[in-house]
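Have the sequence and the model open side by side. The walk below goes from one whole chain to single residues.

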Amino acid sequence: LSSTTFFSQARVLIVTGKGGTGKTTVSGVLANLAAREGLRAMVFQIGAPGARYEPGTAQLARLFGSEEVLGYEASVLGSNPDGGSVHARAVTPDTALVEYLHLHGMRRLSRRLVSSGALDVVATAVPGMPDMLVLGKLKQMERAAAAGQSDAPDVILLDAPAAGHAVRFLQSPRGLLDAAGGGPVRAQAEDVVQMLSDPQRCRVILVTTPEETPVSETVETAGLLEQRAGVSLLAVVVNGRLPVLSLPPQPDAAGILLMAREAGVTLQPDELEGLAAAARLRLVRQDVQAAQVARLGRELALPQLELPFCFDADLRRPQLATLTDALGAALAAGPVTSLWAAR
Amino acid sequence: MSGPGGGASPAVTSVMVCMGPGGVGKTTTAAALALQAARAGGRACVVTIDPARRLADALGVSDVGNEPHLVPAPGKGWPGQLWAVMLDAQTTFDNLVGRYAAAPGQAEAILANPVYRNISAALSGTQEYMAIEKLYELQESGAYDLIVVDTPPAQHALDFLEAPSHLARLLDNRVFRLLMTPTRAGLRALEIGAQLMLRTISKVAGGQVVADTVHFFTQFEGMEEGFRERAARAESLLRGELTTFALVCSPRRDSMEESLYLVSQLAAAGVRPGTVVVNRCYPLYPPMPEGAAAAVAGTPLAPLVANLEELRMVAESENDQLARIVAALPEATLYRVPFLASDVYDLDGLAEVADHLAG
């Protein structure tokens, strides 16, 4: 499957997964790959109300080598000579409400509503209102793109809340429809539900690491997202897969001493012990990961896209490049394609 | 079961609040800290929020509701007691309404109100508030020496520390309070700004929503005082001398940025974590002698050396991150929990983590 075909499947890709599995990184990698294909990609992040600084948005910018603090206005994080580019913005319910009120002829009141904490009251009165406002903004961007507006993105990556919260987040417009009441909010909720439930417009990409708890949670979330939020799933990204090394099956210092002698290298006892312990840790991790990847395959019928573990605690441009290469390669790989066809 | 009884004398209860970014093992760490206290002879209770299913099963809290449950000690056991609660925010809130209902039937009417269902189930901050309420309730019982509280992932520490008064303020909202006396005099008293605001909400969300909300506030009448006082007491417990904070994080840059931000937020609120737990650390193995990598090229030793170098690279960059939190909280006790062979989902796994949190 080519990357171009991949991104042509839906304009909005919702990226979610258990906390700490790399949602933001994967959103950035997807955007970077889209940009390499000459597309205009927008990463859409959700800010907390009233927050001036968001570590999550700083993280995305850092991945692209930028120190910029993302805000409501779109920032450019990268651009390719052949036309592709990565943009990002962070939308908070407050800012979305202000814009919404502007659009509905209530400009004068909007600032005041937000500064007086009235958003809280609105949230109290209307189930899921803040989430809905953010999703409404997303939908507005998607419509602009579908209408072919010149500055609209080709691909929108929603860096969504963590797994459990994502269900509630994406469910919010449905909840709003169930609740009594009319007004423009109801109309907007209907539009958002339509977008979320249309697989031509919107799909979910789940992110997990190949470990027990994240895999279990991913399988569970996948079901809930389909049933409760009515969204279609596209793929699961398995993040942090250790490249498999061919190590001796039971590494110990004595065995390694013999290998070192044969290679003509002199190693101290602590170095031999270190080599053995490091190899044992790697083997255990490799086994756990292989078992969990297999389990994920059995329990969730979705194409898997693997991203390698980066041997660095700090992910920046070099790691972004490596991960983007890996994602492109994973898409191009055979077994995944057949699964795509099956769906 | 509702806590240790049997004539035990009321304890001076210490409280430890575990905070940190999402996905760093906060719940597991909270449980391990409580287990460690039980192993040291204390009566410890952990309040978990949304634990992974297997961990909940191991603690035996999967289907015992909202009350503390004594975790049966395996084998020889431990000298103290380990209790666990899985927070049920909805039930906790319902109980609170029951406690402060002034008139017969008031609680039932409120519980059935759709606006109440929304506040208690979906409003952000409710879970935080209820975690603190549960903590307060357990502390008041005097049945524990230590209560460890897990918290929802937070970047904004104040959202947690001030959740009770934030919600109490909302329940006491001026605009809606005034609306409850919709006489001519009342309406006149209503500030023009507030009127505009209500009209806006009606316009955006429909008049029914405003009507429902007014109805809710009418039903709530007379309870706001009790709520506000209790919220203030619960908050002062968090700020009291018996409460300490543990920062739980992982040594990755992203997690560290969030943690440092959290620390700065806590500092602004006058709180400094006394404990830092860094989970999932890669061990730093001794380096290879100079030139070893080249010498082993092509031999069966090569992948072993390559692996060592890769793992050392992670460990060293993790240490750079670790140094930042140490610099930010030099006086805090630092615990490094190594990358364990598998996820922690049983008492043995918890005991393994607790070993690293000892002393």
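Chain A holds 14 helices and eight strands. The model is a predicted one. Of the 343 residues in chain A, 58% are buried. The accessible surface of this chain comes to about 13,200 Å². Carbon and sulfur atoms account for 51% of that area. Contacts also reach across the sequence. Take those in chain A between residues at least 6 apart: 75% of them join residues at least 24 apart.

Stay in chain A and find the pair of helices α10 and α12. Helix α10(A) covers residues 212–229, and α12(A) covers residues 269–299. Their axes come within 10 Å and cross at roughly 10°. An angle under 35 degrees counts as roughly parallel, so α10(A) is roughly parallel to α12(A). Which residues make the contact? On the α10(A) side they are A:Glu212, A:Val215, A:Ser216, A:Thr218 and A:Val219. On the α12(A) side they are A:Gln292, A:Arg295, A:Leu296 and A:Glu299. An α-helix has 3.6 residues a turn, so residues three or four places apart point the same way.

Is A:Glu211 buried or exposed? Its relative accessibility is 6%, so A:Glu211 counts as buried. The cut-off for buried is under 20%. The side chain of A:Glu211 makes a polar contact with the side chain of A:Arg285, at 3.5 Å. Leave out residues up to four places away in sequence, and A:Glu211 touches A:Arg285, A:Gln292, B:Arg280 and B:Asp343. Two of these names carry us over to chain B, namely B:Arg280 and B:Asp343.

Follow B:Arg280 first. This residue lies in strand β7 (residues 275–281) of chain B. B:Arg280 has a relative accessible area of 34%, so it is partly exposed.

B:Asp50 also has a positive phi, about 55°, although it is not a glycine. Its setting is a loop of chain B, between β2 (43–48) and α2 (53–59). Here the relative accessibility is 63%, so B:Asp50 counts as exposed. The cut-off for exposed is over 50%.

Next, look at helix α1 of chain B, residues 26–39. How far apart are the end C-alpha atoms of α1(B)? They are 20 Å apart. At 1.5 Å a residue, the 14 residues should span 20 Å, so the two values agree. The helix is mostly covered, with 13 of its 14 residues buried. Just after α1(B), B:Gly41 takes a positive phi of about 100°.

End inside that helix, at B:Leu33. Its relative accessibility is 10%, so B:Leu33 counts as buried. What is B:Leu33 in contact with, once neighbours within four places in sequence are left aside? The partners are B:Met16, B:Cys18, B:Leu146, B:Val148 and B:Leu357. B:Leu260 gives a further reference point. It stands 227 residues from B:Leu33 along the chain, and the two C-alpha atoms are separated by 22 Å.

Note on methods:
Residues are numbered from 1 along each chain as its sequence is written. Chains are lettered from A and ligands numbered from 1 in the order in which they are written. This is a predicted model: local features need pLDDT of at least 70, side-chain atom pairs count only at pLDDT 80 or more; totals for chains, interfaces and linings use all residues. Side-chain values use heavy atoms; hydrogens and water are left out. Helices (H or I, at least four residues) and strands (E, at least two) are DSSP runs, numbered from the N terminus. Buried means under 20% relative accessible area, exposed over 50%, partly exposed in between (1.4 Å probe, protein chains only). Contact means heavy atoms within 4.5 Å. Accessible areas come from the Shrake-Rupley method with a 1.4 Å probe; for residues, only the protein chains shown count as cover. The expected span of a helix is 1.5 Å times one less than its number of residues. A polar contact is a pair of N or O atoms within 3.5 Å; within protein, one must be able to donate a hydrogen and the other to accept it, and residues adjacent in sequence count only if both atoms are side-chain atoms. Axes are lines fitted to C-alpha atoms, for helices over the stretch in contact, and angles run from 0 to 180 degrees between N-to-C directions. Angles under 35 degrees count as roughly parallel, over 145 as roughly antiparallel, 65 to 115 as roughly perpendicular and the rest as oblique.
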